[in-house]
Amino acid sequence: QMKHVFPHNIVLVGFMGSGKTTVGQYLADMSGYAYYDIDTIIEEEAGYSISEMFSRHGEAFFRSVERKTIERVSNNDQAVISCGGGCILDQRNVVCLKQKGKVVWLMAEPETLYERIKLQGTRPLIINRTFAEIEDMIKKRQPLYSVAADYRISIDRKPVSDIVDAILDLV
Ligand code: S3P
């Protein structure tokens, strides 16, 4: 059931643990848009996980695969696209994503993000990091999300359905 039609893709960005995948899937269901998860596509095409990619080939290799994947997937229409938390580190990604999409930044307090990523485990950039280190990483990236974002929404203590409704009102 198509509930909304937007003249652009909806791109979700935000730090690890901000719920881009969960929100993106739900948003795609609600809008009838196709759903693309950049990290999942990278893993499916590689045939191994992102942690494995970091440990086998390093972060720079991952970033170049990420950039090519974003470039390709951005060309879709009527798509919800969830990006990896670090996509904003490369301005070329941001330019590309904005060409056909509106960028929504899922914002959260560092405590919320830390609790979630700790529970979820397995992210290569997070393993063995203290709260202070994660908080520092979040602070460094904040200006990049801010510049990239067409819209921003705080997700702390909000159920997914409320977040999705808020995005549908915004875009
Ligand atoms: C990264 C975030 C991850 C994944 C990779 C690097 C980052 O995606 O792309 O581990 O630099 O923030 P999620 O935000 O989906 O966890």
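Modeller: Let's start with aspartate 165, which is found in helix H8. Helices here are DSSP runs of H or I with at least four residues, strands are E runs with at least two, and both are numbered from the N terminus. This is a predicted model: local features need pLDDT of at least 70, side-chain atom pairs count only at pLDDT 80 or more, and totals for chains, interfaces and linings use all residues. Residues are numbered from 1 along each chain as its sequence is written.

Biologist: Is aspartate 165 buried, exposed or partly exposed?

Modeller: Aspartate 165 is partly exposed, because 14 other C-beta atoms lie within 10 Å. The cut-offs: buried means 20 or more other C-beta atoms within 10 Å of the residue's own, exposed means 12 or fewer, and partly exposed is in between, with C-beta atoms placed from the backbone.

Biologist: How far apart are the C-alpha atoms of aspartate 165 and glutamate 45?

Modeller: They are separated by 32 Å, and the two residues are 120 residues apart along the chain.

Biologist: Switching to alanine 79. Which strand is it in?

Modeller: Alanine 79 sits in strand S3, residues 79-82. It counts as buried because it has 21 C-beta neighbours inside 10 Å.

Biologist: What is alanine 79 in contact with, leaving aside neighbours within four places in sequence?

Modeller: Asn9, Tyr33, Ala34 and Tyr36 are in contact with alanine 79, once neighbours within four places in sequence are left aside. Contact means that the C-beta atoms of two residues, placed from the backbone, lie within 7 Å. Glycine 32 is 47 residues from alanine 79 along the chain, and their C-alpha atoms are separated by 8.8 Å.

Biologist: How many residues does the largest nonpolar core have?

Modeller: The largest nonpolar core has 46 residues. Val11, Val13, Ile81 and Val104 have the most contacts inside it. A nonpolar core is a set of buried Ala, Val, Leu, Ile, Met, Phe, Trp, Tyr and Cys residues joined through C-beta atoms within 7 Å.

Biologist: And which residues does valine 11 contact beyond four places in sequence?

Modeller: Leaving aside neighbours within four places, valine 11 is in contact with Ile81, Cys83, Leu97, Gly101, Lys102, Val103 and Val104.

Biologist: New topic: helices H3 and H4. At what angle do their axes cross?

Modeller: The axes of H3 (residues 50-57) and H4 (residues 59-73) cross at roughly 130° and come within 7 Å. Axes are lines fitted to C-alpha atoms, for helices over the stretch in contact, and angles run from 0 to 180 degrees between N-to-C directions. H3 and H4 are therefore oblique to each other. Under 35 degrees is roughly parallel, over 145 is roughly antiparallel, 65 to 115 is roughly perpendicular, and the rest is oblique.

Biologist: Which residues meet there?

Modeller: From H3, Ile50, Met53, Phe54 and His57 meet Glu59, Phe61 and Phe62 of H4. The residues of this contact are five nonpolar, one polar and one charged. Nonpolar covers Ala, Val, Leu, Ile, Met, Phe, Trp, Tyr, Cys and Pro; charged covers Asp, Glu, Lys and Arg; the others, Gly among them, are polar.

Biologist: What about asparagine 128: where does it lie?

Modeller: Asparagine 128 lies in the loop between helix H6 (110-120) and helix H7 (131-148). Its phi is positive, about 65°, although it is not a glycine. It is exposed, with 5 other C-beta atoms within 10 Å.

Biologist: And arginine 157, buried or exposed?

Modeller: Arginine 157 counts as exposed, with 9 C-beta neighbours inside 10 Å. It has a positive phi of about 60° although it is not a glycine. Its loop runs between strand S5 (151-154) and helix H8 (160-170).
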